Amino acid sequence: MLTHKELKARALERADVKAEYDRLDEEFAFLDEFLKARAAAGITQAEVAERIGTTQSAIARLESGSGKHSPSLATLQKYAHALGCRLELRLVKESRNADGRTSRSTRIAKKQAAG
């Protein structure tokens, strides 16, 4: 049986899988921040839901990153406030390296090499 790391490496050998994986990198990094913040706050999805006036299932959908729902900025701010955080949104200019790759694609390559 393959380990998760081996399965991931095998899947990323396929160009179509790798392209989709790279495309979703920023979204998953963003979702990871939300999950880490909720864990650090020590509260459940149900508690977040109660604090912002929604359901636990809505919070689960927000945290899943399923791509079927794109939460509004207001919803993300409510989520952050429920955790005792504030939401920061920045635009960062992508820079190109000597080989023509963006700093984002370089970061992805380093992340994949690390496992």
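1. E63 lies in helix α5, where helices (H or I, at least four residues) and strands (E, at least two) are DSSP runs numbered from the N terminus. The model is a predicted one, in which local features need pLDDT of at least 70 and side-chain atom pairs count only at pLDDT 80 or more, while totals for chains, interfaces and linings use all residues. Residues are numbered from 1 along each chain as its sequence is written, and side-chain values use heavy atoms, with hydrogens and water left out.

2. With a relative accessibility of 7%, E63 counts as buried, a term that stands for under 20% relative accessible area, as against exposed at over 50% and partly exposed in between (1.4 Å probe, protein chains only). The side chain of E63 is joined to that of R38 by a polar contact of 2.6 Å; such a contact is a pair of N or O atoms within 3.5 Å, and within protein one must be able to donate a hydrogen and the other to accept it, residues adjacent in sequence counting only if both atoms are side-chain atoms. Leaving aside residues up to four places away in sequence, E63 touches L31, L35, R38, Q45 and Y79, contact meaning heavy atoms within 4.5 Å.

3. Helix α5 spans residues 56-64 and also holds A58, which is buried because its relative accessible area is 19%. Between A58 and A46 the C-alpha to C-alpha distance is 9.6 Å, at a separation of 12 residues in sequence.

4. Helix α4 (residues 45-52) and helix α6 (residues 73-82) have axes that come within 9 Å and cross at roughly 115°; axes here are lines fitted to C-alpha atoms, for helices over the stretch in contact, with angles running from 0 to 180 degrees between N-to-C directions. In this pairing, V48, R51 and I52 of α4 meet K78, Y79 and A82 of α6. By class, the contact of α4 with α6 comprises 4 nonpolar, no polar and 2 charged residues, with Ala, Val, Leu, Ile, Met, Phe, Trp, Tyr, Cys and Pro taken as nonpolar, Asp, Glu, Lys and Arg as charged, and the others, Gly among them, as polar.

5. As for the whole protein chain, there are 7 helices and 0 strands, and buried residues account for 23% of its 115 residues. Of the contacts between residues at least 6 apart in sequence, 55% join residues at least 24 apart.
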